[in-house]
Amino acid sequence: HIFMECCLAVTKQYRLPPQVAYAGKETRIHLGQHFVSEHDSHLSFIIAMYDDDVDPPKKISTLPDWVEWDDTIPSLHINAPANLSDINPVYEFRILAMVENDKEAMAEEKVVVVIAHSCFNKCPKHFGVGCEDWDLYMITAGVYGVVMLLSGCILHCILATAHEWVMNRDRKRRVDNERVGRRIEYAKLLKHDPDAVEDDEMNHWSDDDDEVW
């Protein structure tokens, strides 16, 4: 019986994979059935937070205001700020589950939380850009993108109009050249045989050319 008491421990039902918390949104990590007491005793918890972006991980003395631990469920609530310039991308939470009077050995679970963000929400310090002006840079980049888009649309319309005008000009020149060529041939024909072609045929050719154009 003493051996059985010594070997009892709070057990973990599964191992948690790395979790993702999104900037500007609340993320809940539930651990309701994760820890189980072999005597069905009431469990109490201790949570510690570590900065996992350094080696070895550095313990954070107190939980920041954007992290909340609910001991009744239990669950971890993370409401990462939208501006992630002052926090690191990876944190580790170590959760200890225990029973009263130490009747069972404690169980520990390490929960790795990755703070998801995009380059539009986090200042890239390694680029050497001043983070205090990051919002201004993003607005400037957005305005520049809109201006370039509008400029591209306007330039496309101008080029399309110019292309159509050039095509019409070349078509007109081609028709005019054909009309001049036929008149030259007609003049040569009149010179050799004036009676072969009547004058109204010349007028008919000219009218046809105008209709083609």
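The largest pocket in this predicted model holds about 170 Å³ of space. Its lining counts 13 residues. Closest to the pocket centre are Gly-32, Leu-43, Phe-45, Ile-73 and Pro-74. Two elements each give two or more residues to the lining: strand E4 (35-36) and strand E5 (43-51). By class, seven of the lining residues are nonpolar, five are polar and one is charged.

Now the charged pairs. Side chains of opposite charge can pair when their charged atoms come close. The structure holds four salt bridges.

Glu-92 has a relative accessible area of 8%. It counts as buried because that value is under the 20% cut-off.

Helix H2 (residues 134-192) carries Arg-179 and Asp-176. These two residues form a salt bridge, with the closest N and O atoms 2.6 Å apart. They sit three residues apart in the helix, so about one helical turn separates them. Arg-179 is buried, at 16% relative accessibility. Asp-176, at 25%, is partly exposed.

Arg-169 pairs with Asp-170. Here the closest N and O atoms of the salt bridge are 3.4 Å apart. Arg-169 is partly exposed, with a relative accessible area of 32%. Asp-170 is also partly exposed, at 30% relative accessibility.

Terms used: Residues numbered from 1 in each chain as written. Predicted model: local features only at pLDDT ≥ 70, side-chain atom pairs only at ≥ 80, totals over all residues. Heavy atoms only, no water. 1 Å grid on protein atoms, 1.4 Å probe; cavity = no way out; pocket = protein on both sides within 12 Å on 5 of 7 lines; lining within 4 Å. Points joined across faces, edges and corners; volume = space filled by probe spheres on them. Helix = DSSP H or I, 4+ residues; strand = E, 2+ residues; numbered from the N terminus. Nonpolar A, V, L, I, M, F, W, Y, C, P; charged D, E, K, R; others polar. Salt bridge = Lys/Arg side-chain N within 4 Å of Asp/Glu carboxyl O. Buried < 20%, exposed > 50% of the residue type's maximum accessible area, 1.4 Å probe, protein only.
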